[in-house]
Amino acid sequence: MPDGDWRTINRDLAATRYSPLDQINKSNVTQLQQQWTYPLRTFSTAVPIVVNGVMYVPAGYKVVALDAATGKEIWVHEEPKPESQGGFGGGFSGRGLGYWAGSGKMKPRLLVMLGNKLTALDAGTGKPVAGFGNKGYVDVGVSYGGTPTIIGDVAVIGAASLENPRGNPGNPRAFDVKTGKKLWEFQTVPKKGEPFNETWGDGWEGRGGTNMWGFAATADVNTDTVYLPIGGPAHNYYGGDRPGSNLFGNSVVAVDAKTGKYKWHFQSVHHDLWDVDMPTAGPLLEVTIDGKRQKILANISKTSFFYELDAATGEPAMPIEERPVPAGDVPGEYYHPTQPIPVKTPPLSRVAMSYNDIVTAQDTNPEHSAACHTMWEKAGGFINLGPFTPFNYRAEGDPVRSTIQFPGGTGGVNWGGSAADPKTGIVYMNAQDTSLVGWVEKVPTGSKPYSFDATESPDYDRASVDGKGPFFSFQAPLSGKYDAQGRPVGTSAPCYKPPWARLTAVDANTGEVKWAVPLGLYEELPKGKQVVGNAGSAGPTVTAGGLVFVGATNDKRFRAFDAATGKELWEALLSNNANANPMSYRGSDGKQYVAINAGGAIVSFALPGTGT
């Protein structure tokens, strides 16, 4: 790939998100200026790709090609918008697309998801490719909201299956890039008679979830290996009907790219009860461990545990121990006695708290601290026994007593994943301190699903003093005030001591944390207390200029940090939060650009003057 291209959501198939460009570097990054912006006119976290100076990005029911140096449209492909949300659903994937360089007389193509249709467009014209599937479209069955991972002539996609205990399979699938023909499907919940079926008890048949919802897979073109990140099984918070470790849930699975044949797996969570999916497989890179050069997969999930796996075998490249974890008391639940914990690298975000960890007036302000203490009392106190604390059971009419879990269902490190410098072996991540609170209760007969992404209810589900649903956490308004409907007035913030998010660098050669700095601020706090971490789910990008670029924060900032030290070097105030991964490329004018999707608009930056 030319140094100036960015050809996948993660730039390359190894998912390093590393740009070899160094025109923008530590000595001049403070001179960066916004060059152009292109409105997508839809909310999106898409990462554009750039090939030979042309940028491609999905935008609602459109896919557009732009001059990457100016942001001017080259072509626009538009699909008819359905009258209802049947048909194609919500338009093209809001994450991005894939690129195939062509073969022989076949011209380069873009592959992008349109609801449940894998769509092939001519990269030069934007027109559907007539010889692909049915005039450019292939119905794949279960839809997918990520980007096709294209290795050779094979396009791999995941599945956006719902969080139903019984439902559509979450199996990754592969298709021929030239014809659209289906090549293989990997069974994430092994059927009877298949290896690892016994890890489900009798709960394997018709099982929902256990899907590759992550936005791309990692791939090794030298070994024809695709590394599939597999999420947790449904339901998220109750698994009494699936007793066992539940392979391949919460795993990275290595398969042959051409056939889908299983090679190896690593499971980061046994019998998931916390909704801590595997959102990315992680970057593939070579490092030196104890004097030995080896290729590893630097894998991290929402748990914020950093695993280094031998890319050829899946065996730990750094020590991992199965350690005892606490059990709960939900009727009929299965609690796996151990979980895999890295020995060298500490968790990259908070995994425990006690009453003494509640924010004080000195940490934030008196109003916020008081509201947090009130919430603690309202919840009946929070039980926490460290990593992998399960929700306790609350029978109807019992006194209120709650559990608090860290990092919670949003991470840790979420779908943004990590970036890696293949020359140094250092991996960079946005790691959040988030929480989940509540208990597990018996679901009343005929009740609607508690979760927004389910259409049927399990026997038991999670609830809290704040209501029923997936994402209630231990936070309170900085104002300390609630309106007449009990809704927070103004911005809310976590109720445990900051920092609440960090940009972290881990040296994969040693497993050591090189540095960690707060990422993001709260302008509502007094001066001197604002930089406490305020990040979302996106991740960083690293460049040969010695810089780590990251948006991700909910403070409308785009930042650059010194990759060696973590010192913040540059900051741009945006019109919207940039909760997407940044990217860098060379325009047709020879200049290096850094771009990010900020709330549905692509914003591109470069140094003043002409390119070199």
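Let's start at Asp224, a residue in the loop between β15 (218-220) and β16. The model you are looking at is predicted. In this model, phi of Asp224 is near 55°, which is a positive value in a residue other than glycine. That is worth a second look, as most residues other than glycine have a negative phi. Is Asp224 buried, exposed or partly exposed? Its relative accessibility is 24%, so Asp224 counts as partly exposed.

Asp290 is another residue other than glycine with a positive phi, in this case near 50°. You can find Asp290 in the loop between β19 (284-289) and β20 (292-300). Asp290 has a relative accessible area of 72%, and therefore counts as exposed.

## Two cis peptide bonds

Now look at the bonds that link one residue to the next. Most peptide bonds are trans. Between Leu247 and Phe248, however, the peptide bond is cis, with omega at about 15°. Phe248 sits in the loop between β16 (225-230) and β17 (251-256).

The peptide bond from Gly411 to Gly412 is cis as well, and its omega is near 20°. To find Gly412, go to the loop between β25 (402-405) and β26 (418-421).

## Thr199 and its neighbours

Leu247 comes up again when we turn to Thr199. This threonine is found in the loop between β14 (182-185) and β15, and it is buried, with a relative accessible area of 10%. What does Thr199 touch, not counting residues up to four places away in sequence? The list is Pro243, Gly244, Ser245, Asn246 and Leu247. The side chain of Thr199 also reaches the backbone oxygen of Phe196, at 2.7 Å.

## Helix α1 and its two sides

Helix α1 covers residues 366-378, 13 residues in total. From its first C-alpha to its last, α1 reaches 18 Å, close to the 18 Å expected at 1.5 Å a residue. After the helix comes Gly380, whose phi is positive, near 75°.

Which residues of α1 are buried? They are His368, Ser369, Ala371, Cys372, Met375 and Trp376. Seen down the axis of α1, these buried residues fall within an arc of 160°, so they line one face of the helix. The buried residues of α1 pack against β24 (382-383), β31 (475-477) and β32 (492-494). On the other side of α1, Pro366, Thr374 and Glu377 are exposed.

## A link between cysteines

One of the buried residues of α1, Cys372, brings us to the next feature. How many disulfides does a search of the whole structure find? It finds one. Cys372 and Cys495 form this disulfide, with their sulfur atoms 2.1 Å apart. As a reminder, a disulfide is a covalent bond between the sulfur atoms of two cysteines.

Cys372 lies in helix α1, and Cys495 lies in the loop between β32 and β33 (501-507), so the pair ties together parts that are 123 residues apart in sequence. The angle about the S-S bond is -80°, and the link of Cys372 and Cys495 is left-handed. Both cysteines, Cys372 and Cys495, are buried.

## Nonpolar cores

In soluble globular proteins, nonpolar side chains tend to be buried together. Here, the largest nonpolar core has 43 residues. Those with the most contacts inside this core are Trp36, Met55, Tyr428, Leu503, Met583, Tyr585 and Ile602. Leaving aside its neighbours within four places in sequence, Met583 is in contact with Trp6, Val47, Pro48, Val50, Met55, Thr541, Tyr593, Val594 and Ala595.

There is also a second, separate core of 33 residues, which includes Leu118, Val140, Phe186 and Phe248.

## A buried aspartate

Our last stop is Asp562, in strand β37 (residues 557-562). With 11% relative accessibility, Asp562 counts as buried. Not counting residues up to four places away in sequence, Asp562 touches Lys26, Trp515, Gly546, Lys567 and Leu569. Take Gly546 from that list: Asp562 and Gly546 are 16 residues apart in sequence and 6.2 Å apart in space, C-alpha to C-alpha.

Technical notes
Residues are numbered from 1 along each chain as its sequence is written. This is a predicted model: local features need pLDDT of at least 70, side-chain atom pairs count only at pLDDT 80 or more; totals for chains, interfaces and linings use all residues. Side-chain values use heavy atoms; hydrogens and water are left out. A nonpolar core is a set of buried Ala, Val, Leu, Ile, Met, Phe, Trp, Tyr and Cys residues joined through side-chain atoms within 4.5 Å. Buried means under 20% relative accessible area, exposed over 50%, partly exposed in between (1.4 Å probe, protein chains only). Contact means heavy atoms within 4.5 Å. Helices (H or I, at least four residues) and strands (E, at least two) are DSSP runs, numbered from the N terminus. The expected span of a helix is 1.5 Å times one less than its number of residues. The arc is that of the directions from the helix axis to the C-beta atoms. A disulfide is a pair of cysteine sulfur atoms within 2.5 Å. A polar contact is a pair of N or O atoms within 3.5 Å; within protein, one must be able to donate a hydrogen and the other to accept it, and residues adjacent in sequence count only if both atoms are side-chain atoms.
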